[in-house]
Amino acid sequence: MTQVVAALIWQDDKFMICQRPAHKARGLLWEFVGGKVEHGESKQQALVRECIEELDVKVDVGNVFMQLVHEYPDLTIELTLFHCIIKQGIPKKIEHADIQWITPAQIDDYDFCPADEGILKEIKLKYNCEV
């Protein structure tokens with residue numbers, strides 16, 4: 001099983017989503033910024049590294065929002081989504097095709113990676129959106 005971490009970053013009433021590059025698996029689907037935990041890293045260290053690599057921002061990693069296991073045809077992941085705050089930098093599209101800030105009510109306007117569906121449902125429930 002592959003350990004994957006991701007960041008739930010809020011700015012006022014909106015949270016950040018990133019669009020995967022077209023050439024990668026699940027290309028052009030939307031996701032939370034993050035990636036695989038490398039050998040010897042904690043989940044928090046991996047998330048800090050991924051945010052620097054993918055967005056050129058430094059984040060403070062907070063509490064876990066949600067953790068789940070998802071089986072894709074090509075791999076099984078254990079995904080941990082952390083609350084994060086950008087402490088330095090402005091997000092740049094280094095690894096992603098696009099970056100958007102959306103409200104929970106806008107979730108259904110985007111096609112997300114299947115692993116994120118449970119997380120998105122939880123966000124909609126927590127912020128009183130129709131599920």
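Colleague: How do the residues of the lining of the largest pocket divide into nonpolar, polar and charged?

Modeller: In this predicted model, the lining of the largest pocket is made up of 12 nonpolar, three polar and 10 charged residues.

Colleague: And what volume does that pocket have?

Modeller: The volume of the largest pocket comes to about 550 Å³, and 25 residues line it, with V4, R20, E31, G34 and G35 lying nearest its centre.

Colleague: Which elements each supply at least two residues of the lining?

Modeller: Those are β1, β4, α1 and β6, each of which supplies at least two residues of the lining of the largest pocket.

Colleague: Let's turn to α1, then. Why does its span agree with what a helix should have?

Modeller: Helix α1 covers residues 43–55, and because 13 residues at 1.5 Å a residue should span 18 Å, the 18 Å between its end C-alpha atoms agrees with that expectation.

Colleague: Which residues of α1 are buried, and what do they pack against?

Modeller: The buried residues of α1 are A46, L47, R49, E50, C51, E54 and L55. As for their partners, the buried residues of α1 pack against β1 (2–11), β2 (14–19), β4 (34–36), β5 (58–71), β6 (76–88) and β7 (98–102).

Colleague: What about I52, buried or partly exposed?

Modeller: I52, which has its place in helix α1, counts as partly exposed because its relative accessibility is 36%, and buried would require a value under 20%.

Colleague: Which residues does I52 touch, leaving out those up to four places away in sequence?

Modeller: With those set aside, I52 touches V57, K58 and I94. The C-alpha atoms of I52 and K92 are separated by 9.8 Å, although the two residues are 40 apart along the chain.

Colleague: New topic, the largest nonpolar core. Which of its residues touch the most other members?

Modeller: That core has 21 residues, and F15, F32, L79, I119 and I123 are the ones that touch the most other members. Two or more residues of this core come from each of β1, β2, β5, β6 and α2 (117–126). Apart from this core lies another, of 15 residues, including V5, A7, V33 and C51.

Colleague: And F32, what is it in contact with beyond its neighbours within four places in sequence?

Modeller: Leaving those neighbours aside, F32 is in contact with A6, A7, L8, F15, M16, L81, D116, I119, L120 and I123.

Note on methods. Residues are numbered from 1 along each chain as its sequence is written. This is a predicted model: local features need pLDDT of at least 70, side-chain atom pairs count only at pLDDT 80 or more; totals for chains, interfaces and linings use all residues. Side-chain values use heavy atoms; hydrogens and water are left out. Helices (H or I, at least four residues) and strands (E, at least two) are DSSP runs, numbered from the N terminus. The expected span of a helix is 1.5 Å times one less than its number of residues. Buried means under 20% relative accessible area, exposed over 50%, partly exposed in between (1.4 Å probe, protein chains only). Contact means heavy atoms within 4.5 Å. On a 1 Å grid over the protein atoms alone, a cavity is a set of points where a 1.4 Å probe fits but cannot get out, and a pocket is an open set with protein on both sides within 12 Å along at least five of seven lines; lining residues have an atom within 4 Å of a point. Grid points are joined across faces, edges and corners, and a volume is the space filled by probe spheres set on the points. Ala, Val, Leu, Ile, Met, Phe, Trp, Tyr, Cys and Pro count as nonpolar, Asp, Glu, Lys and Arg as charged, and the others, Gly among them, as polar. A nonpolar core is a set of buried Ala, Val, Leu, Ile, Met, Phe, Trp, Tyr and Cys residues joined through side-chain atoms within 4.5 Å.
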